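User: I'm new to this structure. Could you show me how to read it, feature by feature?

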Amino acid sequence: MTWTSFQNFRTITDKNVLRLQEEKKAGRKVIGQYCIYSPTELVLAADAIPVSLCGTKNESIPTAESVLPRTLCPLIKSSFGFALEDSCPYLAASDLVVADTTCDGKKKMFELLGNFKPVYVLELPQRQNTDALAYWRRQLELYKDTLESVCRVTITEDALWQAIHLVERFRKALKSVLDLAKRRPSPLSGMELLEICFRASFMPVYDDRIQELEAIAKEIGQSASEEKSKAPRILLTGVPTGLGSHKVIKLFEECGASVVCIDNCTCYKKVRAYQSMSGSALDVLAKHSLDIPCAVMSPNPGRYETLQKLAGEFSVDAVCDLTWQGCQTYEVESSSLRKFVHESLKLPFLQIVTEYAESDCEQLRIRIQAFLEMLA
Ligand code: SF4
Ligand code: SF4
């Protein structure tokens with residue numbers, strides 16, 4: 001189905017780079033981010049523009065492999081390849097790159113990235129307890145000081161709260177689009193859900209993001225449901241995906257499934273609501289960001305709780321856990337996740353380990369077809 005609001009959104013987001021350059025010319029600073037643990041609210045409170053730098057394209061990987069090990073995660077190689085080639089307009093526009101100490105591969109890549117761009121290392125703890133929270137809050141204070149100096153502004157408490165409220169509006173708008181897939185059948189394919197999340201994340205002006213997403217949610221939300229569908233409903237969890245690293249979602253849908261929920265940091269992890277609004281703005285941001293249920297945390301109980309909730313809300317028939325080759329954190333976690341999905345959710349589970357290159361597509365197609373046949 002062709003939705004007018006979706007077409008408008010595509011037209012507007014096709015000009016994301018141009019818009020970013022206009023904003024930069026007007027004097028706004030650009031802060032590149034590799035991970036959602038970096039609170040975008042701090043960047044917005046400095047009146048700067050946050051941009052995502054996670055590489056999702058295979059094209060830059062061969063260049064990266066001239067420096068990085070071939071066995072490294074494709075997301076890291078793709079991101080670094082863009083730096084070597086100087087071929088990413090978002091990285092080129094970045095006045096500062098904030099680098100969270102998440103997995104080992106990324107940490108070491110950031111050292112090399114420092115040869116190309118000013119890099120600020122944000123030291124993310126690997127646990128989510130009270131001590132770690134106090135440490136993380138202190139790290140955010142130091143990051144705030146750095147942003148103030150790069151952007152030549154004072155980040156006030158008031159500006160931070162305004163940013164929190166703006167991001168909350170964005171989260172609600174994006175959630176209302178992603179939640180359309182709770183309908184049976186989902187009016188949006190998994191590829192469309194991914195495309196919306198991906199394109200929105202590059203829109204430099206948050207008010208534009210909110211407006212466009214609200215328009216999509218309204219138009220599709222008011223449309224009549226299509227006829228019943230027997231397509232199995234899949235929840236995709238695991239590593240980040242984007243346009244360019246979407247092959248598993250595409251394969252599932254080509255094989256007749258409907259990917260209704262993408263529980264990764266490109267999609268559903270972005271719409272987590274703030275748990276508490278008490279304390280200072282930095283208290284709220286520290287708590288909210290440290291609580292992200294990513295496999296870099298040890299242990300990572302939030303992933304199981306989230307999965308249970310989403311599997312129920314989206315009435316899924318099966319769970320697929322996607323791991324990029326070389327991503328040890330997600331790969332190690334997959335066996336516990338399989339056990340949880342089988343024993344607690346009573347759902348079929350498929351783990352896929354792959355890279356960005358398309359050379360294994362036909363093998364994956366056969367595995368996915370066999371998995372879907374088992375669900376029928
Ligand atoms: S998967 Fe985890 S470490 Fe990687 S970008 Fe997402 S939140 Fe950050
Ligand atoms: S997918 Fe895994 S290895 Fe790759 S950057 Fe994220 S946490 Fe690191």
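Analyst: Let's go from the overall shape to single residues. This is a predicted model, where local features need pLDDT of at least 70, side-chain atom pairs count only at pLDDT 80 or more, and totals for chains, interfaces and linings use all residues. Residues are numbered from 1 along each chain as its sequence is written, with chains lettered from A and ligands numbered from 1 in the order in which they are written.

User: How many helices and strands does the chain have?

Analyst: Helices (H or I, at least four residues) and strands (E, at least two) are DSSP runs, numbered from the N terminus. The chain has 16 helices and 8 strands.

User: What does the radius of gyration say about the chain?

Analyst: It is taken over C-alpha atoms, and the globule rule is 2.2 Å times the number of residues to the power 0.38. For 376 residues, a compact globule would come out near 21 Å, and the chain's 20 Å agrees.

User: Why is helix 10 described as largely enclosed?

Analyst: A residue is buried if 20 or more other C-beta atoms lie within 10 Å of its own, exposed if 12 or fewer, and partly exposed in between, with C-beta atoms placed from the backbone. Helix 10 (residues 190-200) has 8 of its 11 residues buried, so the rest of the structure largely encloses it. Among those buried are Leu193, Leu194 and Phe198. The cover includes helix 9 (157-178) and strand 6 (258-263).

User: How do I read the faces of a strand?

Analyst: In a regular strand, side chains alternate between the two faces of the sheet. In strand 8 (residues 349-354), Leu350, Ile352 and Thr354 form the covered face, while Phe349, Gln351 and Val353 form the uncovered one. Strand 8 runs parallel to strand 7 (residues 318-324), joined by 6 bridges; two strands pair if DSSP finds at least two bridges between them.

User: Which residues come nearest to ligand 2?

Analyst: Near means that the C-beta atom, placed from the backbone, lies within 6 Å of the molecule. Of the 13 residues around ligand 2, Cys73, Leu75, Cys103, Val239 and Cys327 come nearest. Helix 5 (74-85), helix 7 (104-113) and helix 15 (328-343) each give two or more residues to this shell.

User: Is Arg28 buried, exposed or partly exposed, and where is it found?

Analyst: Arg28 is in the loop between helix 2 (16-25) and strand 1 (30-33). With 17 other C-beta atoms within 10 Å, Arg28 is partly exposed.

Methods
Two residues are in contact if their C-beta atoms, placed from the backbone, lie within 7 Å.
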